[in-house]
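Trainee: I'm new to this one. Can you walk me through its charged pairs?
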Amino acid sequence: MIRRILLALLAGAAVCLVPWTVYLAHTLPDRYDTGQWRAAWVGFDIALLLCFAAGAWLGMRRRRAAVPLLSATAALLCCDAWFDVILGWTSDERWASVALAALVEIPVAVVLALAARRLLSDTTPQRTVTLRDIAMREDPRYQRVTRVLPATAEQVARATGLQQAEVEACLKTLQDNGFVRRDRKGKWISLPQDLREPRPEDYDGEERERVAAFLDAKYENEIALLSWAATHRDEFGPWATAQRTSTRLTEEEFRELDAEYRELIARYCQRRRRPAAGEQELSVRFYAFPLPEAVPA
């Protein structure tokens, strides 16, 4: 409903602007003296400066709020180029305005628009775990390979003790399933994915049993991992935290919470492509479920 109203408003505004633009084209004078000329342009440049600064800050942190800000900055640059050229066309500086617009303002606006588009589309790929994924998880070679990345195939072979042919075959399978890719320097790097649990009811026969066994083993491992973390909670220092709470949400609010959590995790997973000094691999879990008394018998 809200989307339809917004589309109607946008379409109505476009229609109303047609006669208004025609009216202005026939009534506005070619010349007009006005006050506060300096304040108008200085204020505009200050707004542009603040947009650049805020966009850089949000962009470096891969915040979604950078998308509308970068888009607005690109629009302001286009406006700046338009008014510089049009209002200065009869002055001696018109060619300087044209050069500035063509070589600086418009190209920078295009770069910002592309950056906004990349931030908007640069999300963690989502898909459901397949039987092929299950087979890889059951094969310890794949875990041994991914733990030593980023590295070349030769470095992986030396670090894991596997034959290079085995390593290359594992890396090829991982690449085909979107788990790794090779960078410009020839090193293989891991790629984050948002993997959804498979549903046993989507399979038949032995495949259903295999998926059910995979899920059972997965949650048994989760319980064991959580128990181990609770037992060793005093050993992690600043590298661990835990919170828990109960709240009352509608199903729509719960979906919104889940989407925000996934966006947060995706942002941090994609924050850095290369290892950094002092980093550690952290296990992050998010579970939300009805309390036992709320579950129907």
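Mentor: Here is a short tour of the salt bridges. This is a predicted model, where local features need pLDDT of at least 70, side-chain atom pairs count only at pLDDT 80 or more, and totals for chains, interfaces and linings use all residues. Residues are numbered from 1 along each chain as its sequence is written, and side-chain values use heavy atoms, with hydrogens and water left out.

Trainee: How many salt bridges are there in the whole structure?
Mentor: A search finds 13. A salt bridge here is a side-chain nitrogen of Lys or Arg within 4 Å of a carboxyl oxygen of Asp or Glu.

Trainee: What does Asp133 pair with?
Mentor: Arg127, at 2.6 Å from N to O.

Trainee: Is Asp133 buried or exposed?
Mentor: Asp133 is buried, at 1% relative accessibility. Arg127 is partly exposed at 22%. Buried means under 20% relative accessible area, exposed over 50%, partly exposed in between (1.4 Å probe, protein chains only).

Trainee: Next one. Which residue does Arg210 bridge to?
Mentor: Glu138, with the closest N and O atoms 3.3 Å apart. Arg210 sits in helix 9 (residues 205-231) and Glu138 in helix 5 (residues 131-138), so the pair ties together parts 72 residues apart in sequence. Helices are DSSP runs (H or I, at least four residues), numbered from the N terminus.

Trainee: And where do Glu251 and Arg255 lie?
Mentor: Both are in helix 10 (residues 251-269), 4 residues apart, about one turn of the helix. Glu251 is exposed at 58%; Arg255 is partly exposed at 48%.

Trainee: Which residues are linked in a network?
Mentor: Asp194, Arg196, Asp258 and Arg262, through salt bridges.

Technical notes. Helices (H or I, at least four residues) and strands (E, at least two) are DSSP runs, numbered from the N terminus.
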